[in-house]
Amino acid sequence: MDQSAIGLIGLAVMGENLALNMEHHGFSVSVYNRTAERTRQLAEGRGRGKKLHPTYDMAEFVKSLAPPRRIFLMVQAGAPVDAVLAQLKPLLAPGDIVMDGGNSFYKDTNRRSKDLEAAGFHYFGVGVSGGEAGALNGPCIMPGGTREAYPLVEPILTTIAAQVVDGPCCAYMGPGSAGHYVKMVHNGCEYAVMQLIAEAYDILRGGLGMSAAQLADVFGRWNEGELSSYLIEITQKVLSYVDPDTRQPLVDLILDQAGQKGTGKWTSQDAPDLGIPIPNIDAALWGRNISALKAERVKAADFLTGPAASARLDASFVEVVRDALYTGMIISYAQAMALLRTASHDYGYDLNLSEIARIWKGGCIIRAKLLDPIQAAFRGSPDLVNLLLDAELGGLVNRRQSSLRQVVQQAVGLGIPTPAFNASVAYFDSYRRARLPVNLIQAQRDFFGAHTYQRIDRSGTFHTEWE
Ligand code: NBP
């Protein structure tokens, strides 16, 4: 039997669909899964009659691959990746290539790539976005790792990726954990945009009393303009879905409790290490965390009261919310890109932000029309420190800021929580201020801890005996 072009380990929802995607594009694929039943199901089900080679033992799997072996892992992030690598390592030959396509923590990827490269293998941390449908039809792929070995995997990765007008949604990100870092920040941005959309939905529902069907129309219209994006598109579809059992909008029957899988949280945890503010992503994270306190919230709802006024908003407010949502999305991407820019420098990734915006235009969850001007901004100025300083995008936020302010003011007045909209305004107002009130904080720190301060009228470091 001919040896396969690539091998894939981990046949849950993502792995199975990626294997079928590879096969569909003409690559022969060996597949292996810890639980043999899944492999059998694929071979006898969706994989029947295809160039898929099912294997039931790791050694048989490795032997079935053409050298240098290309192995794609799609197993649960964390200990399972280490477990698979421990089994694989003794079976590999120098020059073989291992790619981890799961949502691994970037520091784990650094550790694993050091370990495998020291043993003579090539290692890639590959961010994959697009969910089940993307995996099958073309995801966005963010590979990072050994530069010299990238040409050996590039033809497969770029062929199975989503394609946009200016190329495949896959590009080499940088060394080490660059790919997983970019994927992590992608997911952080995804959290922020989803939170903004949920807040827009909440304010239209609470402030205008709109039904799910009316909201579906609004999001459908929004998706035809500058807000056009996968997340707005699926929001329209979700809002228009009627539960066949109850004949009610399904969204109204869904428990309001969300979890977070790791990547969003990791983004919020890493940003302070780099000194980069990402309040929209932080807001999305605590928005999910407070949602999880369902029992407490139900109790609190009986005791804690909101504003007495429940004035209905005017129908024209829909357009204000649309403008605020677009502005908030720009500010979310600005924070994500600022984080990537600093990580690129501090972690030695040498990221190309324009190229990242380009590959995010297709396949991934945050694909959006907005990525066109973002790509253009970084193509024109690769060293742009913040998207808000781009003439087009910053100018747009300048002009639309009143929408953001109106949404926050109305929400506060009505007692509707809008953490991500609030964070957008606060970030914008902080970033555009040449002077912040941190002079007072510096004085307080010097008062109680002799931390010293600098002055604006003379150079040097100062301490004052304040009393
Ligand atoms: P899961 O994250 O649910 O992982 C299940 C797979 O991991 C199965 O194949 C399972 O084998 C395998 N596995 C586990 Br669990 N422990 C193992 C071990 N000790 N040794 C070997 N294999 C082990 O699958 P998924 O949702 O397809 O996601 C795969 C990766 O892709 C994850 O890192 C995920 O975060 C990432 N990702 C997911 C999505 C998405 O939309 N789901 C999108 C983008 C990225 P078994 O069958 O024997 O239990």
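A backbone N or O atom of V13 lies 3.4 Å from an oxygen atom of the ligand in this predicted model, a polar contact being a pair of N or O atoms within 3.5 Å, where within protein one atom must be able to donate a hydrogen and the other to accept it, and residues adjacent in sequence count only if both atoms are side-chain atoms. A polar side-chain atom of R38 is placed 2.6 Å from a ligand oxygen atom, and a polar backbone atom of V75 is 3.3 Å from an oxygen atom of the ligand. Taken alone, the ligand exposes 900 Å², of which the protein buries 78%; accessible areas come from the Shrake-Rupley method with a 1.4 Å probe, and for residues only the protein chains shown count as cover.

Residues are numbered from 1 along each chain as its sequence is written, and side-chain values use heavy atoms, with hydrogens and water left out. As the model is predicted, local features need pLDDT of at least 70 and side-chain atom pairs count only at pLDDT 80 or more, whereas totals for chains, interfaces and linings use all residues.

The protein is divided into domain 1 (6–176), domain 2 (183–431) and domain 3 (438–467), with bounds from an automatic or database domain assignment. The C-alpha centres of domain 1 and domain 3 are 55 Å apart.

Backbone geometry was examined next. The peptide bond from P67 to P68 is cis, with omega near -10°, and P68 belongs to the loop between α3 (58–63) and β4 (70–73); helices (H or I, at least four residues) and strands (E, at least two) are DSSP runs numbered from the N terminus. Positive phi values in residues other than glycine occur at R247, near 60°, and at D350, near 55°. R247 lies in the loop between α10 (230–240) and α11 (263–274), and D350 in the loop between α14 (317–346) and α15 (353–359). R247 is exposed, with a relative accessible area of 63%, and D350 is likewise exposed, at 67% (buried, under 20%; exposed, over 50%; partly exposed, in between; 1.4 Å probe, protein chains only).

In helix α12 (residues 279–291), W286 is partly exposed, with a relative accessible area of 45%.
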